[in-house]
Amino acid sequence: MSNSQIEFDGYRPGAVGDIVRLHAIYYAEHWGFGPDFEASCALGFGEILRDYREGRDRLGFAYLDGRAVGSCQVDGRLNAEAGVDNAARLRFVIVDPALAGKGIGRKLIGDAVDWIDRAGYGHSWLTTFDGLGAARHLYEAAGFTLTETYTASSYGRPLPEQRFDRVR
């Protein structure tokens, strides 16, 4: 497979279902997460779609043969959670593990960061888990810095969570 077969685009019908499925399967296999995690993903993505506003938010997907195989969303609704004004959050970053290492995640994150800068956000941030080394490398390559580590009791057990920030 060459990257030329991958299409990068916005929302298409069915894309969110594909991405929620990727999250549910990956995190069940690697982290032991169950239905509550899948429900959280579906609800969170549903909120982004329901409240989507052009210019404030961005929907970014990678498609292969009409199926969404990667995602990096920009959610501009959450300034209060960021603790700063004029902030955008990267969310639902994932690439189908069968396609890992092909530059898809780098392109999705790079496109999102470029869009954040053009949209005029001065601050962007994301949360993730410690232990996702490849993702962390991509975040840091895009200018994000680890700013906080903490243990959260998400999905029924303590998890090593991290926050990364990028200030333009």
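Visitor: Why are H1 and H2 called roughly antiparallel to each other?

Guide: H1 and H2 pack at an angle of about 150°, and since angles over 145 degrees count as roughly antiparallel (under 35 as roughly parallel, 65 to 115 as roughly perpendicular, the rest as oblique), the two helices are therefore roughly antiparallel to each other. The angle runs from 0 to 180 degrees between N-to-C directions, with axes fitted to C-alpha atoms over the stretch in contact. The model is predicted, with local features needing pLDDT of at least 70, side-chain atom pairs counting only at pLDDT 80 or more, and totals for chains, interfaces and linings using all residues. Residues are numbered from 1 along each chain as its sequence is written, and side-chain values use heavy atoms, leaving out hydrogens and water.

Visitor: Which residues of H1 and H2 meet?

Guide: With contact meaning heavy atoms within 4.5 Å, Val16, Ile19, Val20, His23, Ala24 and Tyr27 in H1 meet Phe37, Glu38, Cys41, Ala42, Phe45 and Leu49 in H2. The residues of this contact divide into 10 nonpolar, one polar and one charged, where Ala, Val, Leu, Ile, Met, Phe, Trp, Tyr, Cys and Pro count as nonpolar, Asp, Glu, Lys and Arg as charged, and the others, Gly among them, as polar.

Visitor: How do you know that the length of H1 agrees with what its residues should span?

Guide: The expected span is 1.5 Å times one less than the number of residues, so the 17 residues of H1 (residues 15-31) should span 24 Å, and the end C-alpha atoms are 23 Å apart, which agrees. Just after H1, Gly32 takes a positive phi of about 75°.

Visitor: What makes Ala62 count as buried?

Guide: Buried means under 20% relative accessible area (exposed over 50%, partly exposed in between, with a 1.4 Å probe and protein chains only), and Ala62, at 0%, therefore counts as buried. Ala62 has its place in strand E2, and among the residues that Ala62 touches, not counting those up to four places away in sequence, are Phe8, Val69, Ile104 and Leu108.

Visitor: Why is His123 called buried as well?

Guide: The relative accessibility of His123 is 12%, so His123 counts as buried. His123 lies in strand E5, and the residues it touches, not counting those up to four places away in sequence, include Asn86, Arg163 and Asp165.

Key:
Helix = DSSP H or I, 4+ residues; strand = E, 2+ residues; numbered from the N terminus.
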